[in-house]
Amino acid sequence: QVQLVESGGGSVQSGGSLRLSCAVSGYTWRSACMGWFRQAPGKEREGVATIDKAGRTIYADSVKGRFVISRDNSKTTLYLEMNSLNPEDTAMYYCAADPYYYGLGSSFDYWGQGTQVTVSS
């Protein structure tokens with residue numbers, strides 16, 4: 001059974017930082033493309049960053065230069081380092097995995113339950 005469990009969310013002030021983690025089990029980690037998504041109240045889910053099995057990355061324009069996606073193959077864990085946070089980053093953040101899809105669309109097979117990030121001004 002594939003499980004993706006996010007952690008690391010919380011409340012921070014504008015300009016602060018957080019690091020999200022996504023622990024993956026029951027899945028062929030090394031062949032997986034992974035992604036981070038977010039959904040704010042009343043808005044559609046949007047892709048934030050994605051990383052393929054070779055380590056190539058894609059970022060949404062809104063987070064370029066502030067967020068960094070990475071993966072630790074030894075720990076089968078995905079990370080999202082978020083810096084210079086602002087209130088527009090407030091959302092539920094989800095990680096996702098897929099054996100083939102690499103992009104910021106929602107075509108990932110497996111999803112976590114999410115972790116809340118709240119940024120106050």
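**Close-up 1. Surroundings of Ile58 in the predicted model.** Ile58 touches Val48, Ala49 and Thr50, and also Tyr102, Gly103 and Leu104, when residues up to four places away in sequence are not counted. Ile58 belongs to strand E6, which spans residues 57-59. With a relative accessible area of 29%, Ile58 is partly exposed, because buried residues lie under 20% and exposed residues over 50%. The C-alpha atoms of Ile58 and Ile69 are 8.9 Å apart in space, with a sequence separation of 11 residues.

**Close-up 2. The largest nonpolar core.** This core comprises 30 residues, and those with the most contacts inside it are Met34, Trp36, Leu78, Leu80, Met82 and Tyr93. Two or more residues each come from strands E3 (18-25), E4 (33-39), E5 (46-51), E7 (67-72), E8 (77-82), E9 (91-98) and E11 (115-120).

**Close-up 3. Contacts of Met82.** Leaving aside residues up to four places away in sequence, Met82 touches Gly16, Ser17, Leu18 and Leu20, together with Arg66, Phe67, Tyr93 and Val117. Met82 and Tyr93 are both among the residues with the most contacts inside the largest nonpolar core.

**Close-up 4. Positive phi at Thr76.** Thr76, in the loop between E7 and E8, has a positive phi of about 45° although it is not a glycine. Most residues other than glycine have a negative phi. Thr76 is partly exposed, at 26% relative accessibility.

**Close-up 5. Positive phi at Ser84.** Ser84 lies in the loop between E8 and E9. The phi of Ser84, which is not a glycine, is positive at about 50°. A relative accessibility of 42% places Ser84 in the partly exposed class.

Key:
Residues are numbered from 1 along each chain as its sequence is written. This is a predicted model: local features need pLDDT of at least 70, side-chain atom pairs count only at pLDDT 80 or more; totals for chains, interfaces and linings use all residues. Side-chain values use heavy atoms; hydrogens and water are left out. A nonpolar core is a set of buried Ala, Val, Leu, Ile, Met, Phe, Trp, Tyr and Cys residues joined through side-chain atoms within 4.5 Å. Buried means under 20% relative accessible area, exposed over 50%, partly exposed in between (1.4 Å probe, protein chains only). Helices (H or I, at least four residues) and strands (E, at least two) are DSSP runs, numbered from the N terminus. Contact means heavy atoms within 4.5 Å.
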